[in-house]
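Subject: Structure for you to look at

Hello,

Here is the structure I said I would pass on. My notes on it follow below the entry.

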Amino acid sequence: MFIRRQLLLAAGAIAAAAAVVPVRAEETVKVGLIVPMTGGQASTGKQIDNAIKLYMQQKGDTVAGKKIEIILRDDAAVPDNTKRIAQELIVNEKVNIIAGFGVTPAALAAAPLATQAKVPEIVMAAGTSIITERSPYIVRTSFTLPQSSTIVGDWAVKNGIKKVATLTSDYAPGNDALASFKEHFVAGGGEIVEEVKVPLANPDFAPFLQRMKDSKPDAMFVFVPAGQGGNFMKQYAERGLDKSGIRVIGPGDVMDDDLLNNMGDAALGAVTAHLYSAAHPSQTNKEFVAAYKKAFNNRPGFMAVGGYDGIHLIYEALKKTGGDVTGDKLIAAMKGMKWESPRGPISIDPETRDIVQNIYIRKVEKVDGELYNVEFATFEAVKDPGKTKK
Ligand code: PHB
């Protein structure tokens with residue numbers, strides 16, 4: 001009798017152990033993080049990767065009873081790589097979510113795969129307006145170029161800038177920035193005196209800068225993607241555009257906080273509109289900047305914030321679904337979500353799945369011996385103007 005009971009208990013224990021194994025496997029939520037870690041856009045990938053690591057250190061790596069596993073892959077911002085990697089992560093690694101996407105072509109390349117597999121695609125960096133329309137599984141925590149370029153266009157006409165030369169990176173977000181700036185600036189009576197587009201990869205700005213200088217504008221509207229602002233400002237200063245009084249205006253990408261402090265005094269006075277400044281004076285941001293600096297010895301820029309908010313969105317959606325990773329349930333949970341980001345209050349538009357956020361106008365100033373984008377005007381809860389037009 002005693003032996004029989006022991007045997008039964010042992011059998012029960014084995015059955016219980018066997019039952020535990022498959023459940024354990026399902027208790028991991030896999031997030032495929034596809035970002036450029038090498039090449040010209042590497043600073044974007046590094047900021048996003050850092051911010052996600054920081055968030056997970058602060059909040060732990062378990063949510064709704066599930067362990068979060070980040071699988072980091074470098075696509076070098078080449079869309080063919082993005083597509084191959086996304087496919088591999090979805091089919092072989094069985095990731096539940098794909099995230100990252102340092103440039104627009106990468107975000108677009110993954111969109112059909114997200115739709116087909118019903119896997120959420122969290123865009124943490126890319127900023128062309130149309131991205132969220134390419135799949136019902138896309139949610140964006142970064143920004144759109146029209147959000148800030150329209151605002152800087154209005155600001156320029158109201159602040160005595162009459163003639164502008166434009167220099168934009170020759171691909172989708174550059175074209176979005178240019179079109180939305182022009183629409184507002186020209187409607188307000190401004191004149192575009194020179195327009196140049198520079199290649200995305202390894203741009204040499206020098207030949208274009210001479211043309212800019214010769215066209216004698218009051219200001220120069222610049223869009224270059226994150227990571228290129230330092231090189232641009234170096235050539236701007238070398239060609240003496242700062243001395244000619246041609247001020248830089250634009251969306252804030254060119255004045256990215258991770259590069260700004262090394263740009264030197266040529267950057268002083270640049271006015272840009274953007275979603276994030278490391279100098280944003282909220283308690284949430286002060287804590288975020290201090291923790292990021294402590295962990296990585298550098299200032300966070302706007303790409304870091306896109307990553308930090310992107311992983312927050314994933315955590316909160318999982319809490320709402322009780323750990324259910326079904327794509328449709330996660331997307332439904334993300335729609336309409338609101339929270340306090342280091343950048344200020346943000347939400348996900350339930351109709352477009354795009355980010356709604358404050359846009360700040362900022363001026364580069366020296367604060368305690370360091371260069372910062374100091375915010376001086378706020379436009380609250382800005383939706384993507386690129387969509388409301390349609
Ligand atoms: C983009 O490719 O969408 C992109 C990349 C970097 C930026 C802005 C937009 O700073």
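I start with the second largest pocket, which is lined by 13 residues; Lys 59, Thr 284, Tyr 308, Glu 340 and Pro 342 are the ones nearest its centre. Please keep in mind that this is a predicted model. At least two lining residues of this pocket come from each of helix H2 (42-59), helix H10 (283-296), helix H11 (302-321) and strand E12 (338-341). By class, the lining splits into five nonpolar, four polar and four charged residues. The space in the second largest pocket is about 160 Å³.

The largest pocket has a volume of about 220 Å³. Its lining consists of Gly 39, Gly 40, Gln 41, Ala 76, Ala 77, Leu 200, Ala 201, Asn 202, Pro 203, Gly 227, Gln 228 and Asn 231. Seven of these lining residues are polar and five nonpolar, with no charged residues.

One cavity of 30 Å³ or more was counted, and the largest cavity holds about 90 Å³. It is lined by 16 residues, with Gly 102, Phe 143, Tyr 171, Pro 225 and Met 303 closest to the centre. The lining of the largest cavity has eleven nonpolar residues, four polar and one charged.

Next, a helix pair. Helix H5 (residues 145-158) packs with helix H6 (residues 172-187) at an angle of about 30°, the axes being 7 Å apart. The crossing of H5 past H6 is right-handed. On the H5 side the contact is made by Leu 145, Pro 146, Ser 149, Thr 150, Val 152, Gly 153, Asp 154, Ala 156 and Val 157, and on the H6 side by Pro 173, Asp 176, Ala 177, Ser 180, Phe 181, His 184 and Phe 185. Nine of the residues in this contact are nonpolar, five are polar and two are charged.

Last, the aromatic rings. The count is ten aromatic pairs. One of them is formed by Phe 181 and Phe 185: their ring centres are 5.1 Å apart and their planes lie at 20°, which is under the 30 degrees cut-off, so the pair is stacked. Phe 181 and Phe 185 are four residues apart in helix H6, and therefore about one helical turn separates them. Both Phe 181 and Phe 185 are also among the H6 residues that meet H5.

Regards

Definitions and conventions
Residues numbered from 1 in each chain as written. Predicted model: local features only at pLDDT ≥ 70, side-chain atom pairs only at ≥ 80, totals over all residues. Heavy atoms only, no water. Axes fitted to C-alpha atoms, helices over the stretch in contact; angles between N-to-C directions. Left-handed = near helix turned anticlockwise from the far one by under 90°. Contact = heavy atoms within 4.5 Å. Nonpolar A, V, L, I, M, F, W, Y, C, P; charged D, E, K, R; others polar. 1 Å grid on protein atoms, 1.4 Å probe; cavity = no way out; pocket = protein on both sides within 12 Å on 5 of 7 lines; lining within 4 Å. Points joined across faces, edges and corners; volume = space filled by probe spheres on them. Phe/Tyr/Trp six-rings, centres within 6.5 Å; stacked < 30°, edge-to-face > 60°.
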